[in-house]
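Subject: Structure handover

Hello,

Here is the structure I promised to pass on. Please open it first, then read my notes below.

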Amino acid sequence: MSWGTELWDQFDNLEKHTQWGIDVLEKYIKFVKERTEIELSYAKQLRNLSKKYQPKKNSKEEDEYKYTSCKAFLSTLNEMNDYAGQHELISENMTAQIMVDLARYVQELKQERKSNFHDGRKAQQHIETCWKQLEASKRRFERDCKEADRAQQYFEKMDADINVTKADVEKARQQAQVRHQMAEDSKADYSSVLQKFNQEQHAYYHAHIPGIFQKIQEMEERRIVRLGESMKMYAEVDRQVMPIIGKCLDGIVKAAESIDQKNDSQLVVEAYKSGFEPPGDVEFEDYSQPMQRAVSDHSLSSSRGEGKAEPKFAGKSKGKLWPFIKKNKGATPEDFSNLPPEQRRKKLQQKVDELNKDIQKEVDQRDAITKMKDVYLRNPQMGDPASLDHKLAEVSHNIEKLRLEAQKFEAWLAEVEGRLPARRQSGLYDSQTAPAVNNCVQDRESSPDGSYTEEQSQESEAKVLAPDFDDEFDDEEPLPAIGTCKALYTFEGQNEGTISVAEGETLYVIEEDKGDGWTRIRRSEDEEGYVPTSYVQVYLDKNAKGAKTYI
């Protein structure tokens with residue numbers, strides 16, 4: 001069973017099938033990658049991953065699972081439903097032993113496939129060129145024969161006419177001889193081209209194409225074996241750290257060992273084989289004698305353009321926006337005033353750094369030109385110092401221009417930093433950015449077009465200002481609790497006066513937010529402090545003195 005003999009006329013289908021095979025490998029690589037990313041998650045996440053890669057019912061994807069390699073992959077997905085309590089080492093081993101190795105192999109496979117099909121297209125173009133030459137030679141032979149017949153008939157007509165001069169008869173005779181000679185030359189040329197074409201066609205269908213298709217078949221079978229080996233490795237990585245799921249792994253190994261590359265190759269033959277025989281030799285058609293032209297039953301074009309299968313995979317990308325921040329549809333201002341303060345500061349700082357790097361490059365270039373000019377001054381034979389004056393002036397102008405630009409952004413940066421919290425409070429802001437982002441989003445959403453204004457910036461800045469914690473805990477008597485709160489996020493209280501909380505933890509509220517974005521809470525008699533208000537959900541006691549109820 002060989003693709004070269006069985007699928008000699010299925011060039012396009014083999015090209016699509018081998019591309020599909022590469023897509024299957026890339027799909028498997030993507031599967032392993034996502035598996036490593038959720039390796040330490042709960043068993044439910046693994047079951048969701050398995051469900052994600054299950055073939056969809058009543059879709060073209062189901063047809064792919066007739067191949068043993070795909071059936072093994074499906075068995076792997078089914079076994080994954082029993083996985084639970086994964087280990088971090090599994091993720092590391094899968095990345096090193098499967099993903100990296102398969103990704104490298106896919107690149108090599110693409111190069112090999114590209115080379116094989118390039119040779120196939122080159123052979124196709126050559127045989128098509130030979131066919132066009134044969135058709136042109138045949139048409140020329142046919143035309144010359146008809147011209148020779150007309151010239152001969154004209155000569156006979158002139159020779160039989162007694163009113164025609166002898167000179168005209170002689171001229172007609174010579175013309176008939178010339179046309180006859182042209183027909184003979186065309187006949188010889190046509191015969192030669194035909195013989196050459198038959199030789200080329202025989203070599204194409206019995207040597208070139210079988211050889212190329214045999215290489216493609218071997219490449220495809222190696223891909224299938226490699227996929228099976230990767231599935232075995234996938235199972236072995238789990239086996240090293242999870243002996244309790246040995247039964248599931250045995251099922252994966254069994255599925256991988258059931259892969260039969262010869263069987264898959266036979267399925268390709270059954271799916272795409274046309275059953276046609278290669279065309280025979282084209283018969284010689286002699287136009288020099290009156291005869292009824294017979295149409296050849298076998299033609300080169302009869303086997304072309306056989307049914308073309310649709311590609312098995314169709315890619316579709318979906319763009320995603322960050323779900324919490326609205327996209328600004330307008331043009332970005334030069335000073336980034338449309339951004340929240342901290343984001344604006346970072347953008348301005350980044351711009352200043354870029355300008356400083358550009359300035360340093362220009363300064364280095366100026367220094368190099370200056371040194372070269374000094375060399376020219378000391379050694380005039382090496383060059384004219386005056387030739388560098390223009391370049392030196394241009395570089396100096398660029399430096400001045402960049403410095404002015406940098407000063408402009410530095411002024412904006414200083415303006416923004418002047419409105420940001422002090423160093424201690426800024427540290428709180430930098431360490432926990434999620435609440436600030438949420439506050440910025442709320443402020444930005446208050447504007448109809450979603451843009452950020454300076455007034456909103458100042459309001460959001462006020463929310464992240466930390467209170468002065470120095471004298472907050474000097475009271476000897478603890479404050480009474482005015483309610484409770486539940487931590488929405490984990491907060492690491494690394495600064496003086498703050499307290500660390502874990503997500504979902506319930507604590508007592510002893511002082512509500514006074515407008516500075518911080519709430520004072522207590523865990524025990526000796527453990528209390530401030531947390532960002534946006535990190536907790538507060539339930540105030542209505543009976544507490546001066547308490548306001550809000551969530």
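Predicted model: local features only at pLDDT ≥ 70, side-chain atom pairs only at ≥ 80, totals over all residues.

Residues are numbered from 1 along each chain as its sequence is written, and side-chain values use heavy atoms, without hydrogens and water.

Contacts come next. A contact means heavy atoms within 4.5 Å. Among contacts between residues at least 6 apart in sequence, 75% join residues at least 24 apart.

The protein chain has 14 helices and 5 strands. These are DSSP runs, numbered from the N terminus: helices are H or I with at least four residues, strands E with at least two.

H6 spans residues 88-160 and H7 residues 166-241. They pack at an angle of about 170°, with axes 7 Å apart. That makes H6 roughly antiparallel to H7 (the term covers angles over 145 degrees). Their contact involves 37 nonpolar, 15 polar and 20 charged residues.

Finally, a strand pair. E3 (residues 518-524) and E4 (residues 527-532) pair in the antiparallel sense over 6 bridges; pairing requires at least two bridges found by DSSP. The two strands form a hairpin, with 2 residues between them. Across this pairing, Arg-522 stands opposite Glu-528 in E4.

Best wishes

Key
Axes fitted to C-alpha atoms, helices over the stretch in contact; angles between N-to-C directions. Parallel < 35°, antiparallel > 145°, perpendicular 65-115°, else oblique. Nonpolar A, V, L, I, M, F, W, Y, C, P; charged D, E, K, R; others polar.
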